[in-house]
Amino acid sequence: MSRNHVSTTVNGDRVEFLCETGQTLLEALRDELRLTGTKEGCGTGDCGACSVMVDGRLVCSCLMLAVEAEGKAIETVEGMADGDTLHPLQRKFIEHAALQCGICTPGILIAARALLARNPDPTEAEVRFWLAGNLCRCTGYHKIVDAVLDAAREMRGG
Amino acid sequence: MSNMLKYEEKALKIVGTRPLRPDGVDKVTGRARFGADYNLPGQLIGKVLRSPHAHARIKSIDTSAALALPGVKAVVTRDDFAEMPDELAAVGELMINFRDVTRNMMAREKALYDGHPVAAVAATTDSVAQAALALIKVEYEVLPHVIDVVEAMQPGAPLLHENQYTQGVKPRPERASNVAKRLEFGRGDVAAGFAAADVIVEREFNTKPVHQGYIEPQACLASYSADGQAELWTSTQGHFVFRAQCAKVLQMEVSKIRVTPTEIGGGFGGKNNIYNEALAIALSRKSNHPVKMVMTREEVFRGTGPTPGANVKVKLGATRDGKITAAEAELNFQAGAFPGSPVNQASMCAFTRYDLENVRVVGNDVTVNRPKVAAYRAPGAPIAVFGVESVIDEMAKKLGLDPIEFRLKNAAREGTQTYYGPKFGAIGYIQTLEAARAHPHYSAPLAPNQGRGVATGFWFNIGNETTCSLNLQEDGSLTLNLGTIDVAGGSRASMAMMVAEELGIAYERVRPTVGDTSTLGFNFLTAGSRSTFASGMACVIASRQVIEKLRQRVAKIREVPLEAVAWKDGQARPVDGGVAQFAPMSLTEVARMAGKTGGTIAGHAEINAQGAGPGFGAHIVDVEVDRQTGSVKILRYTVVQDVGKAIHPAYVEGQMQGGAAQGIGWALNEEYVYGDDGVLQNPGFLDYRIPVASDLPRIDTVIVEVPNPNHPYGVRGCGEVPIIAPMAAIANAIENATGLRLCEQPFSPPRVLKALDQAAAAKG
């Protein structure tokens, strides 16, 4: 079975990989590039665990073919911290006990960062509706919402 | 019992604070490795072929075409696994039978549910493995099936197991039945109790199976070497239990299998049993390659354990002044394809929140053509309590009593005789109810179409086998090797906190990890809310051993008698007014000299923890019912719970909030939907809808701390109690808002709308 050659950018680094035509971006990230921080919870776009940014847009990487990543800029959880300095969202998630098992955490962090990029001062309801595409089964969302609101406050300099 | 530690009240420096979890940074940066994140050189991908039929005899399986496909390295079917005799073993609160375990992981005579594995392949890639599955030819003789628990109990219902005769019935029945077991618990004279009642309430309830819904599908990686040793990486709640199950069904020596637990992406009881693990080892053995197997979400729904659906009948009698005179329940639980539902636990905790003279509970464990049920957080309790707490609420209303007041009048307390066995020791049910009544939520105003409900839950909590090893390193830091899995509640943090508290050192100096099965002796799995209780006890024992050894070393170094040496605030110091004075020595100083003063210092505990403390919770919920759509919105939610002692309060709150959220999903949306053909129609998160952030309000928590006398810090356990009350609390709130008593779960918009329409029609 011949494979497709894809050139793309992941977290600012130019990368190349080979993939089957039917492979998803999620599979390419995890299995070809070994970036396993992005998780698969459903494979059908319902849980948000595989959330990544593609050219600045929040997408479920399980719903996008790997070949479609050609020439695009992909951002994953592995690129969220600045060296050894955690992103405020990452820090606040730990401080607020906003994660338990952590399988949904990478996707929620990516989604929350996308929210704060377009709305630096969201209400609690806006956070809840923005994150409605990311399932968490451990926390009941209470501490996740707190962490996002607190990170937003800090990022606004408040 | 001799090495069990008792509760001692003392000033605390670390226990009760909120330090950061040791697994936090790896989990927010994507470094944490879950089941599907492990890979080995040369690995194959394993996939499972599943029955499309609810009930079918397997006449033949032809794997030749699959094996001929390039890239396919091995296929396994029933022929690759030995027949297992009946042999029971404990898994969490439930029992398993190895005869059934081997049949559930791979069908033998019959496929018993849609999704039952019939073959598995290992191939070079996922797509080759998928193609190979399509080439396996299975000849089925489709049989009549039965899905509903009440239908399955009728004479003449399709039989899953032709040689299954109901246990617990005398004389032994002459005809085989889907009722695997009949249980009965009780005390007193129920007939006399009902005769003495002024008011009797009787109701029948039905619930659907719901899934644990962990976001990480089951995933494992197995490597079998030609010397007969196997290694397994898997997402599990109990790596020692998985090792035992694999060894049994693969007929290997236990010590030949080494299981490394990965980070677990949620379990809630659903990762207590093996599914693909033994298949992966078998495929590795047959192919001479490592084999990785990751379930799809559809496979998780079709093939792994949901909690049972059930039919529940409850009858309650009380006097006009609010004293319960008799309580009776019948619980008919779906076991799924093999016996072993949690009907036993559900029967024992149905009425246990109350101090009752006359009680009778009958439970039936019923096999139906659905996946074999697995534990789900306080297994069985939410189902029984939905019925009982709904009836309690209705009775309070009939008597004109405040629902918390009615519960308080009949509440179990220290010394209450349970109807299943023990007398309660120190418990915190009354304190929990009083804290709920005092909470501002309980007296806040409500608007039209809004209602408030309360309900309460009880769970036993358990102890069991636990080991750990605490090693003092040469720089004075400590590594804590735990044998009981941190299922993500944060138990690694809690264990390190208890060790730091004992030793009087900073939390950060203790590095807790969960070791693989070769590093420690057997541990029971993380179930029954046991880890902070049992593993915590082991950690305290190991810490005290370390302290004892530190004192001995210091006595030797300072040339003073042992009794002159006290350990306080991380230092060896002279005992106040003691027999000898000497310069104090810090933990680090002693650690540096350990090699020259007798060798490495370590503590070990190998215990079977006894004396787990029962937990009680009270939930208050406000709902708003949309009369146009039948939609029920949760407006406000408060969880009050006695946890004994919250070692890390933020993580305890997380358990209370998470458990409540799961209970809300169970109440409002979640259900397994089957077609007439016995095929599951909603095996995905789109059609099986768990709560999302916008469905829920903030979930307030009140931690009540009535110490468990049988734990050095008073821990009871907290993980399971919070899922018990929500279904009943929400049903009671809907009744309060609308006057409608809903007895069919879930209270989804179509059901609520139908009930509203029927009530309107009845009114004319």
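Predicted model: local features only at pLDDT ≥ 70, side-chain atom pairs only at ≥ 80, totals over all residues.
User: How does the radius of gyration of chain A stand against the globule rule?

Analyst: The globule rule gives 15 Å for 158 residues, and chain A has a radius of gyration of 16 Å, close to that figure, so chain A is as compact as a globular protein of that length. Along the principal axes, the C-alpha trace of chain A spans about 50 × 30 × 25 Å.

User: What percentage of chain A is buried, and what share of its contacts join residues at least 24 apart?

Analyst: Of the 158 residues in chain A, 55% are buried. Among contacts between residues at least 6 apart in sequence, 60% join residues at least 24 apart.

User: Turning to chain B, in what order do the seven strands of its open sheet stand?

Analyst: As a general idea, strands of a sheet pair through backbone hydrogen bonds, in either a parallel or an antiparallel manner. In chain B, seven strands form an open sheet in the order 3-7-1-15-12-13-14, with mixed pairing. Strand 3 (72-76) and strand 14 (257-261) of chain B stand at the edges; each has a single partner strand, so one side of each lacks a neighbour in the sheet. On average, neighbouring strands of this sheet are turned by 20 degrees against each other, direction ignored.

User: Do strand 1 and strand 15 of chain B run parallel or antiparallel, and how many bridges join them?

Analyst: Strand 1 (residues 44-50) and strand 15 (residues 291-294) of chain B run parallel and are joined by two bridges. Within strand 15 of chain B, K292(B) is the bridge partner of I45(B).

User: Which strands of chain B does helix 4 lie across, and which does helix 7 lie across?

Analyst: Helix 4 (residues 126-135) of chain B lies across strand 1, strand 3 and strand 7 (117-123), at about 30 degrees to strand 1. Helix 7 (residues 239-250) of chain B lies across strand 13 (230-234) and strand 14, at about 145 degrees to strand 14.

User: How many residues does the contact take from chain B and from chain A?

Analyst: The contact takes 43 residues from chain B and 43 residues from chain A. On the side of chain B that touches chain A, helix 1 (24-29) and helix 18 (649-668) each supply at least two residues. Helix 18 of chain B gives the most to that side, with eight residues. The residues of this side of chain B divide into 21 nonpolar, 15 polar and seven charged.

How values were computed:
Residues numbered from 1 in each chain as written. Chains lettered and ligands numbered in written order. Pairing = 2+ DSSP bridges. Helix = DSSP H or I, 4+ residues; strand = E, 2+ residues; numbered from the N terminus. Axes fitted to C-alpha atoms, helices over the stretch in contact; angles between N-to-C directions. Contact = placed C-beta atoms within 7 Å. Rg over C-alpha atoms; globule rule 2.2 N^0.38 Å. Buried ≥ 20, exposed ≤ 12 C-beta atoms within 10 Å, placed from the backbone. Nonpolar A, V, L, I, M, F, W, Y, C, P; charged D, E, K, R; others polar.
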